[in-house]
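User: Please take me through this model in questions and answers, with the cut-offs behind each term.

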Amino acid sequence: MNAIKSITPKAAFDLIEQEPRAIFVDVRSSMEFLFVGHPKGAINIAWIDEPDWSINPDFVKQVRKLVLGGVHEQGSNDSVPVILICRSGVRSLDAGEILLQAGFSRVYNVLEGFEGALNANHQRSTVGGWRFHGLPWEQC
């Protein structure tokens, strides 16, 4: 069985730029995606979301629809690179495991996530993450 490939935020950005078939999925809640901000070009498919904060039972189906929706042009659907990001790199690992079990073969987890780990003052985006590294992001 394949394993999730963990990559740095910069390596994820480079992969997205170099691989036109790549799918970039932000697995954070819809509120995090909208109000905290998100990487430009990322599509939100929440792994865990409100109101009950349980795992999204349709996660694999929603990712598969994204892949089948014409984002790629050739090759096996399950070989499309799927790059996952969350707040700090934990939820995206769990979501990636489910995609691997569903037959996806190229699943990437963005180390540090969007906001990175907490610093000594319990603040994020100061010691790592997509935003910390100055990669393109937006906020609603």
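User: Which residue of E4 stands opposite Val25?
Analyst: Strands E2 and E4 run parallel and are joined by 2 bridges. Helices (H or I, at least four residues) and strands (E, at least two) are DSSP runs numbered from the N terminus, and two strands pair if DSSP finds at least two bridges between them. In this pairing, the residue of E4 opposite Val25 is Ile43.

User: What pLDDT must side-chain atom pairs have in order to count?
Analyst: Residues are numbered from 1 along each chain as its sequence is written, and side-chain values use heavy atoms, with hydrogens and water left out. The model is predicted: totals for chains, interfaces and linings use all residues, local features need pLDDT of at least 70, and side-chain atom pairs count only at pLDDT 80 or more.

User: Which are the edge strands of the open sheet?
Analyst: The open sheet has 5 strands, paired in parallel in the order E1-E8-E7-E2-E4. An edge strand pairs on one side only, which holds for E1 (5-7) and E4 (43-44).

User: Which residue of E7 stands opposite Ile23?
Analyst: E2 (residues 23-26) and E7 (residues 82-85) are parallel partners over 4 bridges. Phe24 faces Ile83 of E7 in this pairing. The residue opposite Ile23 is Val82.

User: What angle does the direction of H4 make with that of E7?
Analyst: Helix H1 (residues 9-18) packs on the sheet against E1, E2, E7 and E8 (107-110), its direction making about 105 degrees with that of E1. Helix H4 (residues 91-101) also packs on the sheet and touches E1, E7 and E8. Contact means heavy atoms within 4.5 Å; axes are lines fitted to C-alpha atoms, for helices over the stretch in contact, and angles run from 0 to 180 degrees between N-to-C directions. For H4 against E7, the angle is about 155 degrees.

User: Which residue just after H4 takes a positive phi?
Analyst: Within H4, the buried residues are Arg91, Ser92, Ala95, Gly96, Leu99 and Leu100. Just past this helix, a positive phi of about 105 degrees is found at Gly103.

User: What radius of gyration does the chain have?
Analyst: The chain has 4 helices and 9 strands. The radius of gyration is taken over C-alpha atoms, and the globule rule is 2.2 Å times the number of residues to the power 0.38. That rule gives 14 Å for 140 residues, so the chain is as compact as a globular protein of that length, with a radius of gyration of 14 Å.

User: Where does the cis peptide bond lie?
Analyst: Most residues other than glycine have a negative phi, and most peptide bonds are trans. Pro51 is in the loop between E5 (48-49) and E6 (54-55). With omega near 5 degrees, the cis bond runs from Glu50 to Pro51.

User: What is the relative accessible area of His122?
Analyst: Glu112 lies in the loop between E8 and E9 (137-138), has a positive phi near 75 degrees and is partly exposed at 31%. His122 is placed in the loop between E8 and E9 and has a positive phi of about 60 degrees. His122 counts as exposed, its relative accessible area being 64%.

Key: Buried means under 20% relative accessible area, exposed over 50%, partly exposed in between (1.4 Å probe, protein chains only).
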